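Please read them with the model open.

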Amino acid sequence: MVALLFCTCLHTAAAQEKLLPVDEAASQPDFFTFRAHLQAALARHDVEAVLAAINPDIRNSFGGDGGIEEFRQSWELDKPTSRLWETLATVLALGGTFEGDDSFAAPYVFSAWPEEMDSFGYLAILGKGVRVHAEPGSSSATITRLSYDMVEVGEASPPEGAWVQVLLPDGTAGYVARQYARSPIDYRALFNFTDGQWSLSALIAGD
């Protein structure tokens, strides 16, 4: 289960491949219900309800001590502008997969990422018919459209910003709105079933 937190893929792919959305949550009604309640708590910014769904030993980073108090502080839950609401809601909205009966990892971009694909150099396109623009702006020409493709990250992609540069299989560079592209090493959540209940045991990003 811990291995799900790491992605050490080193290979690259020569041809463009696709990563179709997958969500196995409904196959276990108890987890599906747990996740639905957590999503509702996130939507109403209910701090106490979210904390109640967290494992006491939750892992928050690769270097910290973990735990609920660290979670509360790192996500600044005392502030209405906490990044947690949008970050975790997005992770949960993107489905995920089970590992056995007692572990669920989200989003699918992380949990279903193929081992042969370089997790540092590629992104997954989140949608059908996503426009690839010639320049980083919606008014620029559309080069092509992508549907759930895995594309190589271009060198001109800043870590933040509204647009990300991608390289098509023929080497053409284009730009995709960041909201439609996601890295497998972006934030992901791991849930475990212990002591008769589900809980969020990790919310972490990076390698």
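1. Helices (H or I, at least four residues) and strands (E, at least two) are DSSP runs, numbered from the N terminus. The model is predicted: local features need pLDDT of at least 70, side-chain atom pairs count only at pLDDT 80 or more, and totals for chains, interfaces and linings use all residues. Residue numbers start from 1 along each chain as its sequence is written, and side-chain values use heavy atoms, leaving out hydrogens and water.

2. Ile58 lies in strand S2. Ile58 is buried, at a relative accessible area of 0% (buried means under 20%, exposed over 50%, partly exposed in between; 1.4 Å probe, protein chains only).

3. Beyond four places in sequence, Ile58 touches Gly66, Gly67, Ile68, Phe71, Leu200, Ser201, Ala202 and Leu203, a contact being heavy atoms within 4.5 Å. From Ile58 to Phe71 is 13 residues in sequence and 7.7 Å in space, C-alpha to C-alpha.

4. Phe71 is also among the residues with the most contacts inside the largest nonpolar core, with Leu84, Leu88 and Phe191. That core has 28 residues; a nonpolar core is a set of buried Ala, Val, Leu, Ile, Met, Phe, Trp, Tyr and Cys residues joined through side-chain atoms within 4.5 Å. Elements giving it two or more residues include helix H1 (29–43), helix H4 (84–93) and strand S12 (188–194).

5. Leaving aside neighbours within four places, Leu84 contacts Leu42, Val50, Phe71, Trp75, Leu77, Ala89 and Leu203. Another core, of 11 residues, lies apart from the largest one and includes Leu123, Val130, Val132 and Val166.

6. Overall, the protein chain has five helices and 13 strands. Buried residues are 46% of its 207 residues.
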